[in-house]
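Subject: Structure for you to look at, with notes

Dear colleague,

Please read them with the sequence beside you.

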Amino acid sequence: MKALHDSARAEATTAAASAATKKPRRHSTMAWIGMGIVGFWLLMAIIGPTISPYDATAIVDVDVFSGMSRKFLLGSDYLGRDMLSRILFGTRATIGLALAATLLASIIGTAIALFAAFSGGWRDAVISRALDALISIPSKMFALMMVATFGSSMWLLVMTAAITYMPGAYRIARSLAVNVQAMEYVQAARARGEGVWYIMTMEMLPNMIRPVLADFGLRFVYVVLLLSGLSFLSLGVQPPDADWGSLVRENISGLGEGALAVIMPALAIASLTIGVNLLIDNLRGKRAAKE
Amino acid sequence: MNGMVLRLILRRLALAALTLLLVSAGVFFITNLLPGDAAQAALGQAATPETVAALRLQYGLDLPGPLRYARWLGHLLSGNPGISLVNNVPVAQMIGGRLPASLMLAAVTAAVSVPLALLLGIASAMYRGSAFDRVVNVSAVSLVSVPEFLVATVAVMIFAVKLRWLSALSHSADAATLGAFIKSYAMPVMTLCCVIVAQMTRMTRAAVIDQLRSSYAEMALLKGVRRTRIVLRHALPNAIGPIANAVALSLSYLLGGVIIVESIFNYPGIATLMIDAVSTRDMPLVQACSMIFCAGYLLLVLTADVLAIVSNPRLKTR
């Protein structure tokens, strides 16, 4: 599954690049829209619980699965709790867990990649083979096995998502690092007798940081989808905590009557993932147009 | 088929077998990492140490890890993945009851999505840059980055709640008439198709466009050949390999999607079985289900690789 994502992404990069040479202006507006959406959710993750109209766990409506009203902007859930407050409350778990897992995956993946590319030889071969083997377990399967064995505490979810997506981050960063480490400035630094740490952090990393950051964004999207998928199967974030995936699950009984409470958290996830995608694709397009 | 191709394929097969072995070791050790063991879990907290010890002996839990792995693998290969800890039914029997339903769902999805994706992909490559192409492209990108359960809930909202054409839940795997068959499969298949068609369309389009950029396509264009003919007669035969590869890879996405889709529609397949097993921590069942999913995934990736080797014309001339 991850290999598929990688190839689809490579294709998306070229598509964005070729489109950007033609119409750079329209794309920068798309990037602004993406940035707006991502910025909005990040802000909500920080201040959301303080501005929510009701307590997220309080039953405030006598009616369950009610529709939009002035009192309850996004209706109420299966117990009569305010849906807007529930979603604002879930933002922190959704974004916080995913951000922690993606940071871990990207930092560890990039660090191992730098080490592998810099050392080369058998070390590189062994690391690459081992991580390739990890990729051949589908990501959802791996996550399900981890949850079956260790339960679903918050830190376990973060660890699981980080381990699942680390090999992908490694692959991208390694292919970048292999190119960078063949450059003259790296050879010059080696000839000067600089230390390994200096060369990796001061010479190599700054020259591959932008694609690594773009990859970070895409990986964040996969992590959000994986974690909310787990919560949707009620194997992820456990009550009383809730992320957007668990909000969809707990209100699933309202699906047959078309309840707002089911669709709204799902839409929140979609807006976040599409926002990140818009941002990354179009920032990349802009850079490709400049070059 | 010449020796070169055969050698490459054999090497691929050997590599796949090795990977499957590694994956099985991974599955076994991940699910056995915790110190608390199956005997204790099966008997509960109230069990006396003696009964736990007896059951441990019966399960073979007193043996060292690698030996247990070897025994487990041997049993798995002989078609006996153990006995469920939750209801004492052989795992093989539980899976046997559910697997056909899942395979049916996968088969119907493939039968619908492959032709549809090929059509969309080739058409959008043919009219590259047109409004049609842009619409297909944007919808494909959005569908890929959205959770499956959003697609499923939107489908239910539209077809079950608003239009009342279909029921929200899919129950029967044995539908008597064609109408009933379509009704019970429509929703899950539609949801699965959305995501797979999106992936496959993008990859098909890329494969055809890649061929259209080649010099022989330019030559045909300069000769004055019509666009349709260039795509269908010149580019398409050469793109078959990459397209077949894309189809196999996209189908491997089914394995992830099916977990969510079976759960949301209450479909009696192997994915719902595995989810239940995970929440009750029924390890033998979790292991067996994971192995089925991983083997299916590796098989599809292997097929994709072999198709790519077979269809590579450069390997034939040597």
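Among contacts in chain B between residues at least 6 apart in sequence, what percentage join residues at least 24 apart? The share is 73%, where two residues are in contact if their C-beta atoms, placed from the backbone, lie within 7 Å.

Before the rest, some words on conventions. This is a predicted model, in which local features need pLDDT of at least 70 and side-chain atom pairs count only at pLDDT 80 or more, while totals for chains, interfaces and linings use all residues. Residues are numbered from 1 along each chain as its sequence is written, and chains are lettered from A and ligands numbered from 1 in the order in which they are written.

Chain B has 13 helices and 0 strands, counted as DSSP runs numbered from the N terminus (H or I of at least four residues for helices, E of at least two for strands).

Within chain B, helix α5 (residues 91-126) and α8(B) cross at roughly 35°, and their axes come within 6 Å; axes are lines fitted to C-alpha atoms, for helices over the stretch in contact, and angles run from 0 to 180 degrees between N-to-C directions. The crossing is right-handed, that is, the near helix is turned clockwise from the far one by less than a right angle. The contact of α5(B) with α8(B) comprises 20 nonpolar, 6 polar and 1 charged residues, with Ala, Val, Leu, Ile, Met, Phe, Trp, Tyr, Cys and Pro counted as nonpolar, Asp, Glu, Lys and Arg as charged, and the others, Gly among them, as polar. Helix α8 of chain B also holds Ala207(B), which is buried because 25 other C-beta atoms lie within 10 Å. Leaving aside neighbours within four places in sequence, Ala207(B) is in contact with Ala239(B), Pro242(B), Ile243(B) and Ala246(B).

Where the two chains meet, chain B gives 46 residues to the contact and chain A gives 39. On the side of chain B that touches chain A, the largest share, 9 residues, comes from α10(B), and the residues of that side divide into 31 nonpolar, 13 polar and 2 charged.

In chain A, helix α6 (residues 154-181) and helix α9 (residues 209-232) pack at an angle of about 150° with their axes 10 Å apart, and they are therefore roughly antiparallel to each other, a term used for angles over 145 degrees, with under 35 roughly parallel, 65 to 115 roughly perpendicular and the rest oblique. Their contact has 13 nonpolar, 2 polar and 2 charged residues.

Val223(A) and Met274(B) have the most contacts inside the largest nonpolar core, which has 164 residues; such a core is a set of buried Ala, Val, Leu, Ile, Met, Phe, Trp, Tyr and Cys residues joined through C-beta atoms within 7 Å. Not counting residues up to four places away in sequence, Val223(A) touches Ala98(A), Ala101(A), Thr102(A), Ala161(A) and Tyr165(A).

Finally, Tyr54(A) lies in the loop between α2 (24-51) and α3 (83-119) of chain A, and counts as buried because of its 20 C-beta neighbours inside 10 Å.

With best wishes

Terms used
Buried ≥ 20, exposed ≤ 12 C-beta atoms within 10 Å, placed from the backbone.
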